[in-house]
Each structure stands twice: as C-alpha cells, then as structure tokens.
Amino acid sequence: MDPVVVARIFGLATVAIGVLICLGYGLWRFLGLALGAAATAFSPRTPGSPDPRISPYTGPEPTQPAYWARQMWIDAVAAGQTAAHAVWYLLVHHWLDELVRRRLLSGRGASSGERAEHVLGRLVLRLLAPATALAALLSALLAAALLLGVAVAFAAQLALVGGVALAGVLGGRGAERLWKLARGIRMKCPYPGCYRPFPLAVHLCPGCGAAHRELRPGRFGALRHVCRCGRALPTTALGGRRGLALRCPHCDQELPAAVGTTRVVHLPLIGGTSAGKTMLMAAMLDGLRSWSHESALTVEFASAADRREANTLGRQLGASGWALKTQGGQPRALMLLVGRGRGPLRRRRLLYLYDPMGESLRDAATTRLQQYLAHADGVVLVADVLAAPGVRRALREGDGRLAVAARPADLGPVDTYAAFAGELQGLGGRRGRLGVAVVVTKRDVLDRLSSLPRPDGPVDAWLGEIGLDGLVRTLDHDFAAARYWAVSAHAATGAGALVAEQRRAAEPLLWLLSRTGLRFGGPPAAARRPLLPRPRGRTRPTGPIDPIDPPAPDRSSL
C-alpha cells in the first residue's frame, strides 16, 4: 500500500479518535477538575487555623477591609490561577507524561497501567497514544476557552457587586452629608489648645475599646465595620453609630455623644476681668432650668464632666455668693443640650459656652490665640458699665464707694469690645452675620446708684443716657443684630435666687439660639401669658414670624 495513503488514513483516524476522546471524556474531565480546583479558593477552611488566602491588613484601622473591596478580588484571582494551574498540570503531567508517555507508548493500559500480554495489544495501545495526546491538547484548549468565558462572566458579576457596594457607600455618605447640611451639623473640638473642626470623630468599640477613625461607609464596609474583636459596628449615625463613645481625632479627648448628630452652637462670653462672666454663666444655667419647668424647653448636660463643672460652680456660689476668678489659658467649653419638645419631633442644639479669662482678650496677640472665636455663632458681651471711665467720673462719693465694693472690671465695655473686635473678624470672617447679646451686669448695684438713671427702659437707650451711645452704634453697625439686657447675677444665683431674674439671665442665650432656628413655643393657651419674652433692641428680628412662638412684650429692662 502507498505509505502516503496509510499515513493519511492513520492521521484521519488519530484526529477522529482524539476528537471523540476529547468530546466524550477529556473536555469534561478538564472542566470538572479546573472548576473544582477554582471552587477551593472560596471554600471555608478549618475554624481556628490560619487561612493563607487572606492577606493581613497592616493599616491603622482595627478592622479588615470589606470582602467586596479587597478579598473578593484576591479570591477571584486565586481561583483563576488555581483553575489554570489545574488545566496545565492535568495536560502536561497526567495526560502527556503519565498516560501517553509512561503507559500507552510503553504498551500499558491507560486506566490500569498494566502491560498488555500480546504484541498486537501493545501495538494498538501505542497507536492510540497520538490520538490521546491530541485529545489532551484539544481538551485543554477548549477547557481554557470555556474557563476564560466563565472568568469574564464572573468578573462582570464581581464588578456589579463592587459597583452596588460602592453605590451603597456613596449613597450612605451622601445621605449622611445631606442630613448634616440640613441640620447645620459641623463638628468642632471644645477643648483648650485644640478647638479644631473635624469631619469624623474617633469611635470606640464597646467590646474592646479599639479606636475606629474611619467608621463611615467606605472600603471597610458600607453598612458596618467588623472590629478586630469580632463586633459589628454601624457606619452611619442614622444606622446606630450615635450610641458609641467618641474622641477628638486631633487631641484624643472624650467628646459628648451628641457631637455628630446635633448642631453645635458656639457662644463665647466676652468681658473684662471681674465683669461677672462666670456669675452670669451660672445665672444662665439656672435660668435655662427654670424655663424648662414651664415651657417646651429641655436642658441637659452633654457629659458627666459638664455636670460636675456646673455643680462645682453652684457650690462655690452657695458657699460664698461669689464665683472664683476664671483661671488658666484657653477655656474648655461648658456643653449643654438645649432643645424644644420631646419625642421624634424634638429639635436640639449642642450649646458650647466659653468663659475665657478677661486677660486673654485684652490685646490682639492673646485674642488671636482664642481659636474658638473662629466658630462663634453669636457673642454674649458682658458689659460692666461701672468700669467705664465716663461712668466712674459721674458717680458721687457715696455711689463711688458702692461701685468699688461691686468689684468693677479692669476694662470698660468700650475698651473690652475694641480689644477683640478686629481679631474676631479676622478669625471668623463673619462678624456681620452674627448676633450680639449685650448683658449689663451688676444690675442690683446700678439700681442703688443715685448718680445714674435707673435702667428701667430699653437698655440700649439707657446706655446712651450714661454716655455709652457710641458702643451701641458700633455694635449695631458691626453685627447683624444686637439685643440688650440688664441682669443681676447675684439675684439670680445662690440662696434665695429670684426666678424672674434667673429667667432674664437666660434670655440672651434663648435669643441667640433662636437665630440658629431653635425657637421655643409659648405656654398652654390657658396660661394667657408669654413665657419666653423677646427683648426689644435696636434691630428687628429677621425672617417670618413663628406662629407657634409669636413676639412677646419686652421685659429686657424690668
């Protein structure tokens, strides 16, 4: 026979047998083993034993990145590599080396490995070797092509999962940001030497106390982060994050739980040394509590430290009738949660009250260090008119002794405001949008002076009568709104405090809070009298009249 014909027949037979072996067995064998090997990349390991598939996270967060953000892709790549290695190993080592070279070409059975007894049998096995090799190559190529298609489809699914997770992250962050913008929430540290704003507080795990600096929707999880102790922590305030303990990310000091969920209102009390700022602040606290007994106003301390500070101040006033002079450098804010109503419709503000030393606002250099002024939402100017040179000169001898006994401030209200006004504008850049509540202190002494008119009318007009009309004009020009009160902190604090005077002392805070959108409703209709009067000043309140809280008669000079 013609050798060419024989070769052609042998070749066709080899191809036919190879295709049959490939489609009947080899392809499915390759696919089954490759997919099984790929599945091991996602199968669970023995609990308690280290998993080499997990790449350890060495960053500062006490948690692992979310599965979809990192490990999902690591497992997918590992599965692809495992499948490719299985195809290669099956082709080279099992089919070509073991089955073809070691068994068929040696006259051994492919499945049993036993040598054929007859020469004809061994010849047939050797003739099957090329067809088996071809079947192995075809099976490997087809399996690789199918596996590539599976890999592309699987990658598309992973991309879809990652896209959904990323959309959840962006949606969670966006919703929280819009919620904060709608409520005017901006987080700032209340502690001396810091006062810095921050976008996210440090949250402490209630299980192990680990500090989470990135507890928000992100690469560590969209809805929750899993702490290294195994505890799941919510990533948004709306999802329950507000229940975790907080710390400042800059100075690492404890923050009240309301930070991040409640709008913060910063109100510094500005006045000279001995102007009565601390006494006035104590009177304001008592006044807020008094208002809360008969109105929709709610008041509570933001933290246990604030309660202790207020109790210490109350004990000082109860023991001696005077508050100790403010000591130290920059002040720590006294934090109060002031709200209206109760239940789900309650509205609240986290009030930061700053009581700085009078010496710290005496010149531009020291005022510039008071970084909390950059965050002020209003100013309480504590005016001790007994320290004004013009007022002192107008006092007759007996009144002069009364004024000295009242411990007048080291600077008059004009000099006090002039010392910090420029730096306030430089730090915050928005003095023209703020309100200033001017509180004339030591009203009990002023009522006893025969040399001066009594502050029985509008307080701003009375300031003009005693020669401080220039201060009134300046404040009306520099600030968006100015209101005036005359208060006796002595009558509002300590034993035998007058409720009416306590409430009058709190009115400046309530007015400044109302400028942030927190207005307070009046008493029940049966009472027929206003509980939260609005003082009369030189400027009218802006915006529409609140039907729940209509304007009330002026009592600022009573």
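The model is a predicted one, so please read every value below as computed from it. The chain has 558 residues, and 46% of them count as buried. Its secondary structure comprises 14 helices and 13 strands.

**Overall picture**

- Among the contacts in the chain with a separation of 6 or more, 71% are between residues 24 or more positions apart.
- The accessible surface of the chain is about 27100 Å², and carbon and sulfur atoms contribute 60% of that area.

**The segment at residues 6-28**

- An unreviewed UniProt entry gives residues 6-28 the feature "transmembrane region".
- In the model, residues 6-28 are 100% helix and 0% strand.

- Four strands form an open sheet in the order 2-1-5-6, and their pairing is antiparallel.
- The edges are taken by strand 2 (211-212) and strand 6 (254-255); each has a single partner strand, so one side of each has no neighbour in the sheet.
- Strand 1 (residues 202-204) pairs with strand 5 (residues 245-247) in the antiparallel sense, through three bridges.
- H203 has L246 of strand 5 as its bridge partner.

**Cysteines without disulfides**

- For orientation, a disulfide is a covalent bond that joins the sulfur atoms of two cysteines.
- Searching the whole structure turns up zero disulfides.
- C208 is partly exposed, with 38% relative accessibility.
- C229 has its closest cysteine sulfur in C205, at 3.6 Å, which is also too far for a bond.
- C229 counts as partly exposed too, with a relative accessible area of 40%.

**Nonpolar cores**

- The largest nonpolar core holds 59 residues, and the members that touch the most others are L350, V440, L463 and L475.
- Helix 9 (residues 413-428) supplies the largest share of this core, with four residues.
- Beyond residues up to four places away in sequence, L463 touches V385, V440, L468, D469, V472 and Y484.
- Another core, of 43 residues, lies apart from the largest one; A283, W291, A409 and W511 are among its members.

- D306 sits in helix 5, which covers residues 304-320.
- Is D306 buried or exposed? With a relative accessible area of 0%, D306 is buried, since the limit for a buried residue is under 20%.
- Setting aside neighbours within four places in sequence, the contacts of D306 are F301, R332, A333, L334 and M335.

**R340 in strand 9**

- R340 belongs to strand 9 (residues 334-340).
- The relative accessibility of R340 is 19%, so this residue counts as buried under the 20% limit.
- How many residues apart in sequence are R340 and L297? They are 43 residues apart along the chain, while their C-alpha atoms are 4.8 Å apart in space.

Note on methods:
Residues numbered from 1 in each chain as written. Predicted model: local features only at pLDDT ≥ 70, side-chain atom pairs only at ≥ 80, totals over all residues. Heavy atoms only, no water. Helix = DSSP H or I, 4+ residues; strand = E, 2+ residues; numbered from the N terminus. Buried < 20%, exposed > 50% of the residue type's maximum accessible area, 1.4 Å probe, protein only. Contact = heavy atoms within 4.5 Å. Areas by Shrake-Rupley, 256 points an atom, 1.4 Å probe, with all protein chains shown as cover. Pairing = 2+ DSSP bridges. Disulfide = S-S within 2.5 Å. UniProt positions renumbered as here; feature names shortened; annotations may be inferred. Core = buried A, V, L, I, M, F, W, Y, C linked by side-chain atoms within 4.5 Å.
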